Amino acid sequence: MRGSVERSWGWGHSAPSPLLLLTLFLFAAPFGLLGETTRQLLEFDSTNVSDTAAKPPGTPYPPYSLADFSWNNITDSLDPATLSATFQGHPMNDPTRTFANGSLAFRVQAFSRSSRPAQPPRLLHTADTCQLEVALVGASPRGNRSLFGLEVATLGQGSDCPSVQEQHSIDDEYAPAVFQLDQLLWGSLPSGFAQWRPVAYSQKPGGRESALPCQASPLHPALAYPLPQSPIVRAFFGSQNNFCAFNVTFGASTGPGYWDQHYLSWSMLLGVGFPPVDGLSPLVLGIMAVALGAPGLMLLVGGLVLLLYHKKYSEYQSIN
């Protein structure tokens, strides 16, 4: 996949309503996500790979081009109540019937307020954001220990790519054992952003036991990709053709993987303006309060004991 995120959102001082944001995203997504021959679902054979940090993570199979997929009618999955819709597809030409019982899906959801989804990685969202969840379900892998990946592309800023940031935290309440948040920022005062945690899941619902590590390659300038002749896409992206790209791969040769239940999901948050900032969760704040408060409490109790002992000793009267 190459998910196109524009360099200048152009909302001025007013952010779009959640329904408008979802509507524009849905109109743009078939062209921005699915329309070009170079956009791909990647697959690697990791059978003989022992280094979990190897790049690439195995021997590559021929990639699946999303331009060769057949996609559902988006209106059939549009749900105004949850502000969500799902693009679901499979290869039009599938001689080996790899996708006979499977599909690749992109679920887009907008939000009306600040909150977190019920399922991990539970990225903090606001009314200025949309979540894109990618799910590969039921497709037959071409190897016993296949790893999958996505090709992600975005418009750059002039001749530069968006800045990449890694944020680390001691808090993993919302995504157990994941202490990192990755994000792309467009501009020093960002007009837009993309956020994700480096984790995918091999089961639904996702949990710590089914968590898969994600590896992202460095962001680099890509070849010029012509934008589709769509008025909506041109309104979003203009006519400049400077693209940057990176690959995201899911899982490692050891541990859980897609091969467990033929399921893989990963999500990313796209938004306008500044990205949401995670604070420490109430659980972590409580633990810190106990950890920092316990020594102080022990000192206080010890001081009281010494004070009472000293007072008792000073009241002792000698008979001599």
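1. Which element of the protein has the lowest mean pLDDT, and which the highest? Helix H1 (residues 18–32) has the lowest, at 51, and strand E12 (residues 199–201) has the highest, at 94. Here pLDDT is the predictor's confidence in each residue, from 0 to 100, and helices (H or I, at least four residues) and strands (E, at least two) are DSSP runs, numbered from the N terminus.

2. The basis of the note should be stated. This is a predicted model, in which local features need pLDDT of at least 70 and side-chain atom pairs count only at pLDDT 80 or more, while totals for chains, interfaces and linings use all residues. Residues are numbered from 1 along each chain as its sequence is written, and side-chain values use heavy atoms, with hydrogens and water left out.

3. On confidence, the mean pLDDT of the protein is 76, with 68% of its residues at 70 or more. The pLDDT is below 50 over residues 1–15, a stretch with 58 contacts in the model beyond near neighbours in sequence; contact means heavy atoms within 4.5 Å. It is also below 50 over residues 27–38, which have 38 such contacts beyond near neighbours in sequence. Where pLDDT is low, the predicted coordinates should not be read in detail.

4. As to the overall fold, the protein contains three helices and 16 strands. Of its 320 residues, 44% are buried, where buried means under 20% relative accessible area, exposed over 50% and partly exposed in between (1.4 Å probe, protein chains only). Among contacts between residues at least 6 apart in sequence, 68% join residues at least 24 apart.

5. One disulfide is found in a search of the whole structure, a disulfide being a pair of cysteine sulfur atoms within 2.5 Å. Cys161 and Cys244 form this link, with their sulfur atoms 2.0 Å apart. The link is left-handed, with -95° about the S-S bond. Because Cys161 lies in the loop between strand E8 (146–155) and strand E9 (163–168) and Cys244 in strand E15 (residues 243–250), the pair ties together parts that are 83 residues apart in sequence. Cys244 is buried, at 0% relative accessibility. Two further cysteines also count as buried: Cys130 at 1% relative accessibility and Cys214 with a relative accessible area of 10%.

6. Thr98 lies in the loop between strand E5 (84–91) and strand E6 (103–110) and is buried, with a relative accessible area of 7%. Beyond its neighbours within four places in sequence, Thr98 is in contact with Tyr64, Gly138, Ala139 and Ser140. The C-alpha atoms of Thr98 and Ser140 are 4.9 Å apart, although the two residues are 42 apart in sequence. Ser210, in the loop between E12 and strand E13 (211–216), is buried at 0% relative accessibility. With the same exclusion of neighbours within four places, Ser210 is in contact with residues including Ala200, Tyr201 and Pro205.

7. The largest pocket has a volume of about 680 Å³. On a 1 Å grid over the protein atoms alone, a pocket is an open set of points with protein on both sides within 12 Å along at least five of seven lines, a cavity is a set where a 1.4 Å probe fits but cannot get out, and lining residues have an atom within 4 Å of a point. Grid points are joined across faces, edges and corners, and a volume is the space filled by probe spheres set on the points. Of the 34 lining residues, Arg107, Gln109, Pro117, Gln131 and Glu133 lie nearest the centre of the largest pocket. E6, E7 and E16 each supply at least two lining residues. The lining divides into 16 nonpolar, 12 polar and six charged residues; Ala, Val, Leu, Ile, Met, Phe, Trp, Tyr, Cys and Pro count as nonpolar, Asp, Glu, Lys and Arg as charged, and the others, Gly among them, as polar.

8. The second largest pocket, of about 360 Å³, is lined by 23 residues, with Gln180, Asp182, Pro198, Cys214 and Ala216 nearest its centre. The largest share of this lining, six residues, comes from E13. The lining comprises 17 nonpolar, three polar and three charged residues.

9. Six cavities of 30 Å³ or more are found in the whole structure. The second largest cavity holds about 50 Å³ of space, and its lining consists of eight nonpolar residues, with no polar and no charged ones. Among them are Leu41, Leu104, Phe250 and Trp266.
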